[in-house]
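Subject: Structure handover

Hello,

Here is the structure I promised to pass on. Please open it first, then read the notes below.

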Amino acid sequence: MDASKFAIETTNNAPAVKDAVLKVALVKDSPLVGIFYTNIGQGDGYDGDLISLFFNNQIFDTDENFEITDTGLSTLNVDIPNKKATIKIKDGVKWSDGQPLVADDIIYTFEVIANKDYTGVRFDDESLKVVGVKEYHEGKAANISGLKKIDDKTVEVSFTELGQGIYTIGNGLIGSVLPKHYLKDIPIKDLEKSEKVRSKVLTLGAYTIVSNVQGESLELKANPYYFKGKPKIEKVTVEVVNSNTIVSALKAGKYDLALRIPTDLYKTYSNLDNLELLGRQELYYSYMGFKVGHFDKTKGENIMDPNAKMADKNLRQALAYGLDVDQMTKAFYYGLRERATMSVPPAFKKYYSKDIKGYPYDPEKAKKLLDEAGYKDVNGDGYREDKNGKPFEVRIAAMAGGDIAEPLVQFYIQQWKQIGIKAVLSTGRLIEFNSFYDKVDADDPEIDVYFAAWGVGTNLNPFESTGRKAAFNYTRFVSEENDKLMAETSSPKTLEDPNYKAEAYKKWQEYYIDQAVEVPLTFRYEIVPVNKRVKNYYIGRDSDLKGKGIQQWELTAAEPIKATN
């Protein structure tokens, strides 16, 4: 199947009906975390999907290359020689309570992220490029000196250095804001727990929350102050639906949209006559991560452990060469995934490089690397011992969810058995989604290798997930060479030469992929089943420019259509 042939827009052209409710299923086998501000909390992908659709507080629009345009709530003017950027809020932009979006909201957001009590994951090496952030973060200054309020609608940001990332909401710039007048009285350390962040959310987006059953469902209503025009659909319901029941629910006409429906279910709903299937390549890659250190919360940085079980690069590379990912994509994913070679999905046409080959299946090379590293089968039982001749096993952490989670991890175990490596599940079983990331984040000593995925930010900022200070750098790998090569991807040279960033990215990826601490496994096509009563639904990445956003969606029947087959 050629996944690139999917449509990106619904074809329904029937007249719209009034007062119908849009019914959205979020496919998830565990409760929703339910933090609905991008800048607060751990950045859960499921929450992120709901934020981007319904509660979007992004102040900039971007084009298909993910670069800032002037069609959003604010414009950006960059003064390269003076290392400054000016954010100008457009007239008439209001929060969902009718209060205007103001410069103080932008400054407050910078201050929340840079505060020493901040519990989220948005503070990283890039944040320090804003003048004064370091001093503010260390408690040596009462405010951030590089932020200047010009007037109620204008903020000037000064940077220590400026690179091309400024145009893709990087370089320490923030793209999503918080309502200061609403949140300012909550201590920053308590924001994550506040009901103002979980259920009574103020938003610049298309919808607001009417009611919230924590972790299970949401009832939404259209935001009359939405800058792009009040949505045509007044009410929306969102329900968390188990992957085991979603297909029968779609068939019965219970839902209009199924967000995050697992790829492995494709064959079970692809022929239903009440659905249109839209698809696009995701900003996503799945990967295998090796634990090589820990996160020091006091220092706020990742520390490598030279004695970590997975510290040997040859061992890591051998395990990467020992997985037949091409066979895996065919067996488990119906061609809706392909083997990943780098951590830049092909959707980034400027930065994806066909020259990087990743880790194609090569069991003989894997065995040779293990021999060279001193992992040999001493007692003839088919499994290799460690360098000291002691029993050796690799403990895997993998997520529960869907029908293929168990067979997939057994596939990994069998593949590694063929190169003489004994692999076991670190808890004896698959781990529920939220617990999985809690354990990985906490550097649980029971985990040697884990299988996870990234939703890739449109800024392509390596510091967010692989930086020295990045809490998201779950492998905990750091090196001076890595720092240097990552820094080049956002250096001032990227502003002088349009090709410099792409070349710098390629050089960094060649080094980083060779380290085999985070080995990309698959790129994925996102399939969105849409009930045939939905009109004007568009998933192209240029929806901002084309004015084809959520405010244009309509429904052409009172209830979702049921399948007849």
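Strands here are DSSP runs of E with at least two residues, and they are numbered from the N terminus. By that numbering, K235 is found in strand β8, which covers residues 235–241. Please keep in mind that this is a predicted model.

**Overall build**

The protein chain has 17 helices and 19 strands. Its C-alpha atoms fill a box of roughly 75 × 65 × 45 Å, taken along the principal axes. How does the radius of gyration fit a compact globule? For 565 residues, such a globule would have a value near 24 Å; the protein chain has 24 Å, so the two agree. Of the 565 residues, 56% count as buried.

**The second largest pocket**

This pocket has a volume of about 640 Å³. It is lined by 25 residues, and the closest to its centre are F295, K297, G300, K469 and A471. The lining divides into 10 charged, eight nonpolar and seven polar residues.

**Aromatic rings**

The count comes to 28 aromatic pairs. Take Y287 and Y450. Their ring centres are 5.7 Å apart and their planes stand at 85°. Planes over 60 degrees apart count as edge-to-face, so this pair is edge-to-face. The pair links distant parts of the chain. Y287 is in strand β10 (residues 275–290), Y450 is in strand β16 (residues 449–455), and 163 residues separate them. Are these two residues buried or exposed? Both Y287 and Y450 are buried.

Y287 and Y450 also belong to one aromatic cluster.

**Charges over rings**

Elsewhere, K196 lies over the face of Y182, at 4.5 Å from the ring centre.

**Single residues to look at**

Back to K235 in strand β8. Its relative accessible area is 44%. Buried means under 20% and exposed means over 50%, so K235 is partly exposed. K235 and V210 are 25 residues apart along the chain, and their C-alpha atoms are separated by 9.5 Å.

D190 lies in the loop between α4 (180–183) and α5 (195–198). At 23% relative accessibility, D190 counts as partly exposed. Which residue is 8.9 Å from D190, C-alpha to C-alpha? That residue is Y118, which is 72 residues apart from D190 in sequence.

Two residues have a positive phi although neither is a glycine:

- R260 has a phi of about 65°. R260 lies in the loop between β9 (257–259) and α7 (266–269). Its relative accessible area is 32%, so R260 is partly exposed.
- Y334 has a phi of about 55°. Y334 is found in the loop between α9 (325–333) and β13 (337–339). Its relative accessible area is 30%, so Y334 is partly exposed.

Best wishes

Methods
Residues numbered from 1 in each chain as written. Predicted model: local features only at pLDDT ≥ 70, side-chain atom pairs only at ≥ 80, totals over all residues. Heavy atoms only, no water. 1 Å grid on protein atoms, 1.4 Å probe; cavity = no way out; pocket = protein on both sides within 12 Å on 5 of 7 lines; lining within 4 Å. Points joined across faces, edges and corners; volume = space filled by probe spheres on them. Nonpolar A, V, L, I, M, F, W, Y, C, P; charged D, E, K, R; others polar. Phe/Tyr/Trp six-rings, centres within 6.5 Å; stacked < 30°, edge-to-face > 60°. Helix = DSSP H or I, 4+ residues; strand = E, 2+ residues; numbered from the N terminus. Buried < 20%, exposed > 50% of the residue type's maximum accessible area, 1.4 Å probe, protein only. Lys NZ or Arg CZ within 6 Å of the ring centre and 35° of its normal. Rg over C-alpha atoms; globule rule 2.2 N^0.38 Å.
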